[in-house]
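Here's a quick tour of a fold and one of its residues. Have the viewer open as you read.

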Amino acid sequence: KFCPEAISPSQACLDGGRKGYMLIHEGGFPNDACGAWHDKGKVESVEDCAVLAREMGLKAFAVTEPSVYLGGKRHCYAEAIDITPEFWKELCVSAADVPCTGGEWLNNPEYDVYALEPAA
């Protein structure tokens with residue numbers, strides 16, 4: 001049976017390379033030991049949140065789906081998770097159960113975490 005939400009890691013890597021970011025965790029965000037957060041407020045899109053994190057020099061971000069409580073916008077945190085070129089390559093092989101190095105993931109069903117593709 002085909003799962004419509006199933007995606008291969010290699011396809012995620014190709015998509016991530018085009019967008020400049022890749023989903024690494026659903027339903028939560030990192031604790032401070034894994035990556036300190038910076039509240040960036042309301043954004044229109046996942047891409048807008050990626051831009052804000054990149055402008056801060058950070059390598060990851062957490063964002064919600066649009067919410068009526070936010071006027072149809074999303075909420076964005078820039079995250080200080082260390083995403084190295086080597087880690088990015090590992091994500092291309094397997095983006096399942098990505099560890100939160102040095103810390104842990106905190107459960108919050110509203111947020112998904114994305115890694116920004118590191119500069120080559």
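## Ground rules

Two strands count as paired if DSSP finds at least two bridges between them. Helices (H or I, at least four residues) and strands (E, at least two) are DSSP runs, numbered from the N terminus.

This is a predicted model, where local features need pLDDT of at least 70, side-chain atom pairs count only at pLDDT 80 or more, and totals for chains, interfaces and linings use all residues. Residues are numbered from 1 along each chain as its sequence is written, and side-chain values use heavy atoms, leaving out hydrogens and water.

## The sheet

Five strands make an open, antiparallel sheet, in the order β1-β5-β3-β4-β2. β1 (21-30) and β2 (37-43) sit at the edges with a single partner strand each, so one side of each has no neighbour in the sheet. From one strand to the next, the twist averages 30 degrees.

β1 pairs with β5 (residues 105-116) in the antiparallel sense, over eight bridges. M22 has A115 as its bridge partner in β5.

Angles run from 0 to 180 degrees between N-to-C directions, using axes fitted as lines to C-alpha atoms, for helices over the stretch in contact (heavy atoms within 4.5 Å). Helix α2 (residues 46-55) lies across β1, β2, β3 (60-64), β4 and β5, running at about 150 degrees to β3.

## Zooming in on H75

H75 is in strand β4 (residues 74-79). Is H75 buried or exposed? H75 is buried, at a relative accessible area of 12% (buried is under 20%, exposed over 50%, partly exposed in between, with a 1.4 Å probe and protein chains only).

Beyond residues up to four places away in sequence, H75 touches D39, G41, A62, V63, T64, L70 and Y111. The side chains of H75 and Y111 are joined by a polar contact of 2.8 Å. That term means a pair of N or O atoms within 3.5 Å; within protein, one must be able to donate a hydrogen and the other to accept it, and residues adjacent in sequence count only if both atoms are side-chain atoms.
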